[in-house]
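Please consult the structure alongside the text.

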Amino acid sequence: MANPLLEMKGIGKRFPGVIALDRVDFAIGPGEVVALAGENGAGKSTLMKILGGVYQPDDGQIFVDGKKVAIKSVSDASVHGIGFVHQELNVLVNLTAAENVYLGREPLKFGFLVDRAKLNADAEVYLKRLGLNISGKTRLSELSIAQQQMVELAKALSLNARILIMDEPTSSLTLTETERLLAVIKDLREHGVSIIYISHRLAEIKEIADRVVVLRDGKNAGVLEHDEINHDAIVKLMVGRDIERTNRGQNADGDSETIAVNDLRTRRYPKRSVSFDVRKGEILGFAGLVGAGRSDAAQAIFGVDTPLSGSVNIDGKNVKITSATDAIRNGIFLIPEDRRNSGLILDIPIRENVTLPALRRYSSAGLVNKTAETVKAKEMCQRLNVKAPSVESKAANLSGGNQQKVVLAKWLSLEPKLLIFDEPTRGIDVGAKSEIYQLMRDLAASGVAIVMISSDMEEVLGESDRVAVMHEGAITGILDRADANEEAVMRLAVGH
Amino acid sequence: MRKELGTFVLLVVLCIVLAIMNPSFVSGVNLQNLARLIGIYGIFSIGLGLVVITGGIDLSVGSVFALLGVLLSIFLVEWQLPAAVAVLLVIGITTSLGVFNGFLITKVKIQPFIVTLCGLLFYRGLARFVASDETKGFGAASGFETLQSMATGSVAGIPTPFIILVAISIVAWVVLHRSIFGRYLFAVGRNETAARYSGINSDIVVAGAYVLCALLTSIAGILLAFYTNSISPSSHGNFYELYGIAAAVLGGCSLRGGEGSIIGILIGTALLQVLQNLVNLLGIPSSLNFAVMGAVILIGVVADQLLRQRQAARIAT
């Protein structure tokens, strides 16, 4: 590149016991979109935190406009025009959009009163530019996650950011919201803003990135120009090996119905009901827009949320589920969407997480036998290929993929009849993703019925035997594998 | 473990300093009295510790002491009930208050602070009303001397409340650190949602902690009533819940829940009693009693926090 806007040269960063970054180079020109890809732990976040002033590099130099700079803090970063939109949004939902945009630098009148008119007018300029036609006075709590993200973007733009770092911006957006965000990114690029785009979603990278820089184990693994970007090439650079990508065939046994859910109504959609059945050995995908009521149905079936009505039949027998305890006793398990909050207790060891749902099995006379627990936890970690120093490591210290495997380990140590996966691979890197798919297939092959809720179209279409599509609390259609394609699913998802 | 160690070191240092400055600290009488108080305070501090581990709090303990003390005196002295019946009644009534707390907190979903703050006011008022605001006592305890000796007696020179504490601590240690219930208690305290998603009936676990706390409160309350032998309904047990909470926190329980140990709570209790003793033995004006305790607890907590920040900084770089 002739005149890069930003250049990072030979960046090194060490943490105790790990070299997070080893002589990493990165550059971006004005008005470029550069995607940063890599497995979890490859060093993407560390590199961006150095650029954003959160971490200090141990080696290397950073140049902005060809001049060497030191970014010692987040405010240094914003002085150099670097804005950061984090994966976990940094917004205050109790304040208005305009207050969020100008937080800490509100325009004043008389030197001490907030000039609300100017505050709102100024903020609305940036909001409008991002295609968000709302009043600056709107409280953030009334906005969707996608809209809140736009507010955060507006904040970065109002700070005159020339380089925007976006960390997994689409991880909690619906398909249409993602498309809108990608359009905004393209528009920003037209206006000369450079964007560093971190994502696990290869389709998005392909759509918007001028280049993709791939990191692996804290080192540069390679660069692909726009024309060279394709799924296999990126994955190969990310994992350093070829990943077998197979689409599964129909392996559901024609008539062995196991679980039937009838007339399930949840509090979120009291007027709609959900009925479906899953066969032994089948993976039933659940597609739909975020908020279509898929997770609500799953939580009701699992008993953590009380349904307004409905029944669950296993092998023709009606089972009563009023709590997760009931569901677990009947072999119905949920791998929840929010694994860090609902799936795991982060501050306790892997061992205690794995044995928690069935502690009685490792106990006698009400007392826990730690040796039995350790044996089981080790066995499960080995079976699921959990990468952790030991089963006594806290779940918090694992990568997303390994955390998800520990959640799975909780249930696979029992005898599942129905496993409900809610967004099983969200925020999980490519390597771990394919391991989880393989596990799902193996479980199905062993006769477990599987429900897989997913907003990732590729995942739903690639992994399901049938696809149920939900819209506003009701199932609008169930497609057989042969009929399931992106267009058909989307049509049902928007309610047609 | 490290958290308990810090408090333990502080306790040992305080004891050594105190022994040097006033040798009567290590006299038999003083040590016996100290052990007796540690026994009484330790029992209800363990109860409060269990509640704190679930992320809750019980502010009503002191008022419950007043209420159950008054009732106990009425049952034994005025109604002349048999000792065993009176004790069982008092334990039963107090424990049912714990059930009530647990119900309000888990089913009606009112914050523990509010529920037990109302308890603090309500039971105090009730105690004063029941006793017609008169100070109650047990006189010479004629007819229930054995019961009284549980609080005031000794076995082989060891005060009975201390022996009771040791027995309760062993049971509580097994329950908290080895049993399924204990594991659930920590799990619910750490992350109630994830515990529920693992099939734990978190309502029962949380309510169980309040019931156990009430049970231990009733035992400690009976001992305390006999120990003071004078229950002024407006002041008996004032602030005692705070001693228990302070002991639990000094011993490593986090008010956010999910952390703590029986050993820690015991060390915390002992530390508070030694501090009380220090005020008396060093001739510090007793009006400064609370000030000294507050200051030492604050210093302890600040030192702990600084140490932890330094450790975190070391890990980060």
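**Sheets, helices and a chain contact**

In chain A, helix H15 (residues 430-445) lies across S15, strand S21 (418-422) and strand S22 (449-453), running at about 150° to S22(A). Helices (H or I, at least four residues) and strands (E, at least two) are DSSP runs, numbered from the N terminus. Angles run from 0 to 180 degrees between N-to-C directions, with axes fitted as lines to C-alpha atoms, for helices over the stretch in contact. Residues are in contact if their C-beta atoms, placed from the backbone, lie within 7 Å. Helix H17 (residues 486-493) of chain A also packs on the sheet and touches S15, S23 and S24 of chain A, its direction making about 30° with that of S23(A).

This is a predicted model, in which local features need pLDDT of at least 70 and side-chain atom pairs count only at pLDDT 80 or more, while totals for chains, interfaces and linings use all residues. Residues are numbered from 1 along each chain as its sequence is written, and chains are lettered from A and ligands numbered from 1 in the order in which they are written.

The sheet under these helices is open, with six strands in the order S18-S21-S22-S15-S23-S24 (chain A) and mixed pairing; two strands pair if DSSP finds at least two bridges between them. Strand S18 (332-335) and strand S24 (474-480) of chain A form the edges, each pairing on one side only. Within this sheet, strand S15 (residues 283-288) and strand S23 (residues 466-471) of chain A are parallel and share five bridges. A:Gly288 stands opposite A:Met470 in S23(A).

A further open sheet of chain A has four strands in the order S2-S1-S4-S5, with antiparallel pairing. Its edges are strand S2 (18-28) and strand S5 (67-69) of chain A; each has a single partner strand, so one side of each is left without a neighbour in the sheet. Strand S4 (residues 59-64) of chain A runs antiparallel to S5(A), joined by three bridges, and A:Phe63 has A:Lys68 as its bridge partner in S5(A).

In chain B, the axes of helix H4 (residues 83-106) and helix H10 (residues 202-228) come within 8 Å and cross at roughly 150°. H4(B) and H10(B) are therefore roughly antiparallel to each other, a term for angles over 145 degrees.

Finally, the contact between the chains takes 16 residues from chain B and 25 residues from chain A. On the side of chain B that touches chain A, helix H8 (180-190) and helix H9 (192-197) of chain B are the elements that give two or more residues.

Definitions and conventions:
Two residues are in contact if their C-beta atoms, placed from the backbone, lie within 7 Å. Angles under 35 degrees count as roughly parallel, over 145 as roughly antiparallel, 65 to 115 as roughly perpendicular and the rest as oblique.
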